[in-house]
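Good morning, colleagues. Please look at the model on the screen, and I shall then take you through two regions of it.

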Amino acid sequence: MDDHILEAHGLELDEGQLPPENWFERSETLQKLRKNKKFPTIWCSGCGIGVVMGALIRAIDHLGLKNDDVALVAGIGCTARMPIYLDFNTLHTTHGRALAFATGLKIARPDMKVIAIMGDGDALAIGGNHFIHAARRNIGITALVVNNAIYGMTGGQYSPTTPLNGRATTAPYGNIEPPFPVCDLAVAAGASYVARSTVYHALELDKFLSEAIAKDGFSVVEAVSYCHTTYGRLNKLGTAADMMRALKDTSISQTAYNNLSPEAKAANTKIVRGNFVNIDRPQYTTAYGNLITRVQGGGK
Amino acid sequence: MTIKLMQGNEAIGWGAIAAGCRFYAGYPITPSTEVAEILSRELPKVGGKFIQMEDEIASMAAIIGASVGGLKSMTATSGPGFSLMQENIGYAAMAEIPCVVVDVQRLGPSTGQPTAASQGDVMQARWGTHGDHPIIALAPTSVRQSFDLTVRAFELSEKYRTPVILLTDEIVGHMREPVELPDFATIHPAEYRVTKKDGEYIPFRNEPGDVPPLANFGVGYRYHITGLFHDPQGFSTQRLDEIDPWIERVNTKLEKHLDEIIGLEEDLQPGAKTAILSYGASARTARHAMKLARACGQKVDLVTLLTVWPFPEAQVEALGERVDRIVVPEMNLGQLAYEVERMVGRKKVRRITRANGEMVTPQMVLDAMEN
């Protein structure tokens with residue numbers, strides 16, 4: 001800690017409290033962070049997106065991927081700022097188009113792990129078409145959708161995942177549009193791997209992200225988060241800590257859900273956390289590689 | 001190589017292959033579709049990749065993504081699709097990602113007449129995306145030029161890290177001519193990319209007039225690319241001392257190399273007081289009118305712009321000093337004539353405009369030369 005901060009708080013330097021020398025360099029996980037740039041993050045204090053970023057770097061670390069072999073492609077929005085803080089090949093694109101840019105990049109570099117990082121508005125409103133078609137093609141990209149149910153960066157307008165009756169700055173009388181079930185959409189469109197957890201269940205996010213990134217085909221992880229700054233305030237949901245805690249109470253594991261009676265399942269309003277699909281389908285860039293081999297071999 | 005009967009759009013496909021294009025993403029639209037069909041067939045043969053995306057927005061995004069990954073990339077479209085691509089064309093200009101966009105112009109606005117010719121996208125090619133930015137647009141007048149300018153579009157795009165628009169039209173695109181293409185082995189595209197790690201790399205260094213080379217993703221330089229204003233390392237910035245040098249460098253990087261970028265054909269006659277200046281399909285009308293006029297003993301200059309953007313200001317200004325009158329035939333309501341007037345003054349310019357899908361006729365040009 002800097003001396004002037006210690007002085008301001010009337011503290012003395014305690015060597016025992018300091019992190020060990022070269023702590024940053026010695027932590028392999030932290031090596032996934034960009035140390036030269038841009039901290040602190042732009043996210044509001046208490047935001048859940050940082051938890052997702054932590055899960056992402058732990059997942060990449062767990063898989064033993066080299067930084068050079070990973071590309072993060074993001075659109076526009078609070079979530080889409082995540083790549084700035086991470087030390088990979090990072091491409092911050094236009095609103096809604098992360099998956100379309102990622103598709104070109106993955107085709108050019110099939111050996112690279114390409115991860116598209118999007119918020120709910122980015123992935124499902126303006127980018128909805130690319131989301132379903134990337135899933136249909138089963139191209140080897142991981143789509144990480146941080147769902148905070150709102151457009152945060154522009155100040156709290158309702159999104160395709162804002163709950164029915166929820167209030168937003170453009171839904172001052174309550175939202176009358178039903179939300180998209182993100183995972184159901186991904187399953188229906190043909191994704192190879194689909195899972196959902198929340199920012200309260202960070203270790204579960206680690207696991208799902210590890211599995212998703214390791215998956216050969218198109219994989220989707222929905223990380224349910226919250227926006228206390230806009231949605232929370234407009235809907236009187238309390239502090240960031242209150243909203244974080246609420247994710248524990250308003251979600252249910254897939255195992256527990258499966259044990260419910262049919263009536264209880266029908267009446268369930270909780271967020272189901274789990275891995276809903278994990279199948280093997282031909283991956284797009286592999287299929288195209290086979291096509292090239294066939295054509296160059298004189299095949300029709 | 002043998003002489004073949006070939007369409008302009010087909011020549012564009014072959015030009016792309018010859019130039020080393022190894023990725024195409026597109027969405028079907030008349031009258032550009034042949035480019036996609038040919039490349040879907042030919043790219044895999046040379047190890048390249050073709051994908052039909054869900055729309056033109058995605059197509060433009062995909063070619064930028066593939067270019068970042070190290071493949072020379074192209075898309076082809078027409079008016080409505082070109083409109084949809086504009087946001088991401090601006091991204092490519094901002095992030096300085098090389099790519100080639102073929103616009104086979106058709107009659108607009110809106111759906112207009114999909115099978116009718118037009119040159120109505122001249123201003124859209126220049127200013128279609130928001131904000132000030134550099135752009136290059138090349139306009140072929142024949143099938144062979146469709147091939148040559150496609151090769152050139154890739155060269156300029158890679159060298160200057162900018163999107164290049166191949167601004168062709170339904171007439172040149174669908175017209176069939178006998179052509180003899182060069183042996184592709186004689187075309188040696190230069191390599192401007194950083195393809196392996198060697199020392200420090202500054203992706204967007206702001207030396208005046210500089211075009212810093214682009215490092216392909218995955219070669220070991222882990223840097224950031226964004227459509228936001230960015231510092232030399234690629235990170236977004238709001239600092240004027242970082243934004244202003246960027247604006248200065250990027251918006252002058254073409255100006256400093258106009259000798260190489262500007263292409264035009266001049267057929268001048270000593271003593272001529274009238275010039276016909278045109279581009280694309282209308283340049284064919286212009287050439288026909290010139291021949292008729294000269295056959296009647298009139299002296300007339302013929303100037304054909306192969307580079308439409310950046311506009312050949314110095315050359316047109318010089319032409320204005322040489323002649324009393326410049327006749328500008330084009331298949332729109334005078335989009336390029338605006339630029340000619342800007343250089344030589346309104347009084348010297350005779351606009352010949354036609355925006356109904358039909359070509360300007362040589363007689364219309366001759367009539368304009370009379371008065």
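Two residues are in contact if their C-beta atoms, placed from the backbone, lie within 7 Å. Helices (H or I, at least four residues) and strands (E, at least two) are DSSP runs, numbered from the N terminus.

This is a predicted model, in which local features need pLDDT of at least 70 and side-chain atom pairs count only at pLDDT 80 or more, while totals for chains, interfaces and linings use all residues. Residues are numbered from 1 along each chain as its sequence is written, and chains are lettered from A and ligands numbered from 1 in the order in which they are written.

I begin within chain B. There, α3(B), residues 56-68, packs against α4(B), residues 79-95, at an angle of about 30°, with the axes 7 Å apart. Axes here are lines fitted to C-alpha atoms, for helices over the stretch in contact, and angles run from 0 to 180 degrees between N-to-C directions. The angle therefore makes α3(B) roughly parallel to α4(B), a term for angles under 35 degrees. From α3(B), B:Glu56, B:Ile57, B:Met60, B:Ala61 and B:Ile64 meet residues of α4(B), including B:Leu84, B:Met85 and B:Ile89.

I turn now to the interface. In chain A, 33 residues are in contact with 34 residues of chain B. The largest share of the chain A side, 8 residues, comes from α4(A). Opposite B:Ile225 in β10(B) stands A:Leu91.

How values were computed. Pairing = 2+ DSSP bridges. Parallel < 35°, antiparallel > 145°, perpendicular 65-115°, else oblique.
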